[in-house]
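The structure comes up next.

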Amino acid sequence: KAVVSTQSTGKLTYTLALLKPDVYANTISHRAILNKIKEEQFYISEERVLKWSKAQAEEFYREHRGKFFFQRLTEFMSSGEFHALVLAHPTEPAVSKWRSMLGVTKCYRARETDPESIRAMYGLSDTRNACHGSDSNESFMAEYAAIFGADWQPPNDQHASQ
């Protein structure tokens with residue numbers, strides 16, 4: 001397994017971002033979030049547009065099986081195409097920086113506590129909250145494998161787009 005550096009040593013750090021189906025379907029919101037990503041000095045190292053079956057969504061979100069929102073979340077995530085991106089950051093830990101940009105999971109709370117966050121501006125509910133972000137380096141690696149079908153290998157980031 002690759003080691004993902006979380007130190008600000010000049011090495012890129014990585015995280016997974018999912019721009020959920022409602023955001024991907026809305027060109028204005030989708031473009032605005034991509035612009036925010038670039039404004040915060042993230043590079044897009046790898047990306048893919050996907051449409052999951054219900055079973056694929058259930059597998060990805062299996063840690064939430066049995067929770068009250070599981071069915072609603074997996075139905076939503078299998079309702080249309082979404083945009084998966086591997087984000088790289090040159091100076092800050094990518095996982096925590098992206099999650100900070102997202103804001104809290106529940107959009108109504110995000111609107112009160114962090115009105116400039118992505119979820120405050122583009123989220124609709126606790127499951128339709130605009131975007132997903134890995135919560136740790138370990139989650140990133142597992143989620144990467146689920147999305148891209150391979151174990152994580154740091155890319156040659158000379159080709160990453162900014």
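Is F42 buried or exposed? I looked it up: F42 has 0% relative accessibility, so F42 counts as buried. My cut-offs are under 20% relative accessible area for buried, over 50% for exposed and partly exposed in between, with a 1.4 Å probe and protein chains only.

I note that this is a predicted model, where local features need pLDDT of at least 70, side-chain atom pairs count only at pLDDT 80 or more, and totals for chains, interfaces and linings use all residues. Residues are numbered from 1 along each chain as its sequence is written, and side-chain values use heavy atoms, without hydrogens and water.

**Aromatic pairs**

I found 11 aromatic pairs in the structure. Rings of Phe, Tyr and Trp (its six-membered ring) pair if their centres lie within 6.5 Å; planes under 30 degrees apart are stacked, over 60 edge-to-face, the rest tilted. F42 and W98 have ring centres 6.4 Å apart and planes at 85 degrees, so I logged the pair as edge-to-face. This pair links distant parts of the chain, 56 residues apart. W98 is also buried, at 0% relative accessibility.

Next I checked Y144 and F148. Their ring centres are 4.7 Å apart and their planes at 25 degrees, so this pair is stacked. Both Y144 and F148 are buried. I also saw one aromatic cluster formed by Y14, F140, Y144, F148 and W152.

How values were computed
Helices (H or I, at least four residues) and strands (E, at least two) are DSSP runs, numbered from the N terminus.
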